[in-house]
Amino acid sequence: MKELTELKNEFYEVMYKYEKSFSEEGVMANLTAWQTAKADLLSLLRRHPSWNEDEQAIIFDCNQALSIQPDMVDETAFTLLDIASEILSGEQLEDFRTALHAAVSGYSCTVSEENLEILRQRGGIRCAKDQKASRIIGKLCKKYGVDRHTRYNAVFAQLADALNPLTMQEIGVLSVHPCDFLEMSSKSNTWVSCHRLSDGGYQAGCLSYMNDRVSMVFYAVDADVSGEYRKAIRRYRQMFFYENGTLFQSRLYPADTGNALEVSKLFRHLVQKAISRCLTEPNLWYLKTKRPDLNAHLSTYRGSLHYPDYNYHGNLSVLQGHRKDTELTIGAAARCVCCGNELRSNGAIKCSCKEVVVCRKCGQTVARGQGIYLEDGFYCKTCLHICAACGRPTLGTMYPAYNRRGTLVEVCQDCYQQLTSGCASCSMASACRAMGHTLCEKATVAVA
Ligand SMILES: [Zn+2]
Ligand SMILES: [Zn+2]
Ligand SMILES: [Zn+2]
Ligand SMILES: [Zn+2]
């Protein structure tokens with residue numbers, strides 16, 4: 001199992017990325033709350049064969065999950081035949097059955113030349129190799145009048161879905177990693193939400209979602225990402241809440257893409273399938289989409305600081321055999337990342353306590369004013385070196401030089417190279433170097 005100290009260091013990295021004040025105490029207050037609240041969810045998700053302990057997430061290959069499922073095709077084709085038998089009979093029904101079978105038996109979105117011939121002969125329709133199987137079935141139903149059946153539209157849509165799965169190359173990640181909550185709206189993304197740590201109005205909400213029992217972050221990253229998924233650009237992100245066989249799917253971000261509905265549906269299928277797999281129960285869920293039905297299953301923890309997207313968007317699924325009155329309590333107390341006390345306002349992840357930072361090198365907590373932000377984090381003044389020549393702080397190797405008063409000082413690599421470049425052709429070079437460049441005019445550093 002992943003150690004809390006490892007998670008702590010990963011939490012720190014996010015704080016550095018957003019240049020946030022924080023202390024070990026504040027970070028640990030949140031991590032301990034996370035660990036306690038998410039214990040049940042963690043032990044459930046760990047049962048999945050694609051669980052990745054380091055990522056604290058289940059990793060999905062969306063493309064694979066989207067392949068045509070022969071049993072789904074068979075099942076819906078059978079239902080279509082069933083409604084056809086209420087309209088057709090005798091030889092007509094037999095021709096329809098043979099033609100429909102020819103259209104679906106390849107389990108492909110297109111139809112082979114051999115089967116197209118059967119469709120032309122028995123179905124009496126014109127069809128070509130570049131036409132989709134679902135389109136050909138539509139033609140067939142129209143020809144035989146099956147499209148007049150009241151259930152036709154719904155059944156045909158299911159069959160078309162089964163034959164034309166959405167193609168999506170991305171990798172899906174169902175995560176409970178603390179950093180995925182912190183960066184649920186990462187500044188690396190091309191889309192924004194109010195939970196973004198750099199400027200969002202509900203920054204503290206990331207901690208509320210992180211510290212509750214039910215919240216999970218689902219997101220999709222590019223297919224070539226092969227580790228540290230939480231650091232990759234999230235193409236999509238969607239919150240899911242789960243407890244006792246009840247799953248709520250919240251709003252998809254970004255929501256303005258043309259295929260948002262299909263993408264949401266795919267993500268829901270992936271998460272449903274993963275959970276039923278963890279429970280080793282059949283993947284059969286009842287879907288609820290009407291707002292009053294949904295509201296009966298949702299409540300927001302008093303004092304939590306997230307934006308409740310789920311009150312306006314989303315749907316609920318209940319796994320067969322589970323109680324139908326489970327109420328999901330979303331959110332929890334968010335704790336200040338500096339002092340660990342409970343936060344009271346949405347806009348920041350720290351309260352009005354003293355601003356402190358943890359030195360990235362030595363781990364000391366120092367007042368923010370005593371720390372310097374350099375490259376990738378805060379450093380205390382003991383760990384940073386100030387160049388006597390250019391005055392810039394640096395973490396790199398320092399080089400000895402003498403100032404005009406003959407005092408030994410430290411200079412950075414850039415300054416050292418500049419100061420000693422003239423020495424390369426100097427006849428005294430080796431003696432000069434042996435004496436710490438004290439002989440050479442060029443090697444002295446002007447320090448006020
Ligand atoms: Zn505080
Ligand atoms: Zn330090
Ligand atoms: Zn320098
Ligand atoms: Zn010299």
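**Entry 1: helix α9**

I started with the burial pattern of α9 and found Y152, V155, L159, A160, A162 and L163 buried. Looking down the axis of α9, I saw these buried residues fall within an arc of 160°, so they line one face of the helix. I then turned to the other side of α9, where N153 and A154 are exposed. A reminder to myself: I am working from a predicted model.

Next I asked what covers the buried residues of α9. The cover includes α5 (70–84), α6 (90–104) and α8 (133–144).

I also checked the length of α9, which runs over residues 152–163 and has 12 residues. From first C-alpha to last it reaches 16 Å, close to the 16 Å expected at 1.5 Å a residue.

**Entry 2: the zinc site**

Which residues hold the zinc ion (ligand 1) as protein donors? I found C336, C339, C351 and C353, each through SG, at 2.2 to 2.3 Å from the ion. Along the sequence I read their spacing as C-x2-C-x11-C-x1-C. I noted that C336 and C351 are 15 residues apart, both in the loop between β10 (328–330) and β11 (356–358), and that the pair links distant parts of the chain.

C351 counts as partly exposed because its relative accessibility is 29%, and the cut-off for buried is under 20%.

Terms used. Residues are numbered from 1 along each chain as its sequence is written. Chains are lettered from A and ligands numbered from 1 in the order in which they are written. This is a predicted model: local features need pLDDT of at least 70, side-chain atom pairs count only at pLDDT 80 or more; totals for chains, interfaces and linings use all residues. Side-chain values use heavy atoms; hydrogens and water are left out. Donors are N, O and S atoms within 2.8 Å of the metal (3.2 Å for Na, K and Ca); water is not among the atoms, so sites may look incomplete. Helices (H or I, at least four residues) and strands (E, at least two) are DSSP runs, numbered from the N terminus. Buried means under 20% relative accessible area, exposed over 50%, partly exposed in between (1.4 Å probe, protein chains only). The expected span of a helix is 1.5 Å times one less than its number of residues. The arc is that of the directions from the helix axis to the C-beta atoms. Contact means heavy atoms within 4.5 Å.
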